[in-house]
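Subject: Structure for your review

Dear colleague,

Please find below the structure that I am handing over to you, followed by an account of what was found in it.

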Amino acid sequence: MQQGDLVHIPQDVKLFDRENIYIGTTQRPIVGVLIKEISDRAAFQAGQCIVFAQGSEAVVERRHAYPLERQC
């Protein structure tokens, strides 16, 4: 995935801020915009990504952010 891609985040996924403070849990599936994937294994957030969803930035586990496919 690339920056700016739309991502699907399922129901019951925990959302955190950039300081790893719990923000909340998705009550229903949501759509977000990918800001950045964190793949550096040395970072404490490795395997996660930053998305803009529900009006703010949130960190989610990469395995819970699915790319939305383009329908033509």
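**Salt bridges and their surroundings**

Glu37 counts as partly exposed, at 32% relative accessibility, where partly exposed lies between buried (under 20% relative accessible area) and exposed (over 50%), with a 1.4 Å probe and protein chains only. The model is a predicted one, in which local features need pLDDT of at least 70 and side-chain atom pairs count only at pLDDT 80 or more, while totals for chains, interfaces and linings use all residues. Residues are numbered from 1 along each chain as its sequence is written, and side-chain values use heavy atoms, with hydrogens and water left out.

The side chain of Glu37 meets that of Arg62 in a salt bridge, at 3.0 Å from N to O. Glu37 belongs to strand β4 (residues 30-38) and Arg62 to the loop between β6 and β7 (66-67), so this pair ties together parts that are 25 residues apart in sequence. Arg62 is partly exposed, with 28% relative accessibility.

A search of the whole structure finds three salt bridges, a salt bridge being a side-chain nitrogen of Lys or Arg within 4 Å of a carboxyl oxygen of Asp or Glu. Another of them joins Arg18 and Glu57, whose closest N and O atoms are 2.8 Å apart. Because Arg18 lies in the loop between β2 and β3 and Glu57 in strand β6, the pair ties together parts that are 39 residues apart in sequence. Arg18 is partly exposed at 40% relative accessibility, and Glu57 is partly exposed with a relative accessible area of 37%.

Glu61 and Arg63 also form a salt bridge, with 2.6 Å between the closest N and O atoms. Here Glu61 is partly exposed, at 32%, whereas Arg63 is exposed, at 56%.

**Overall architecture**

The protein has seven strands and zero helices, and along the sequence its pattern reads β-β-β-β-β-β-β. Both kinds of element are DSSP runs numbered from the N terminus: helices are H or I with at least four residues, and strands are E with at least two. Of the 72 residues, 29% count as buried. Among contacts with a separation of 6 or more, 44% come from residues 24 or more positions apart, a contact meaning heavy atoms within 4.5 Å.

**Surface**

The protein exposes about 5,100 Å², of which carbon and sulfur atoms supply 48%; accessible areas come from the Shrake-Rupley method with a 1.4 Å probe, and for residues only the protein chains shown count as cover. Leu6, Val31, Val33, Phe52 and Leu68 form a nonpolar patch on the surface, with about 410 Å² of accessible area together. Patches are made of residues with over 30% relative accessible area and no salt bridge, with like charges joined within 9 Å and nonpolar side chains (Val, Leu, Ile, Met, Phe, Trp, Tyr) within 5 Å. Leu6 sits in strand β1 (residues 6-9) and is partly exposed, at 44% relative accessibility.

**Backbone angles in two loops**

Asn20 is not a glycine, yet has a positive phi of about 65°. Its place is the loop between β2 (14-16) and β3 (22-25), and Asn20 is partly exposed at 38% relative accessibility. Gln54, likewise not a glycine, has a positive phi of about 55°. Gln54 lies in the loop between β5 (48-53) and β6 (56-61) and is exposed, with a relative accessible area of 55%.

Yours sincerely
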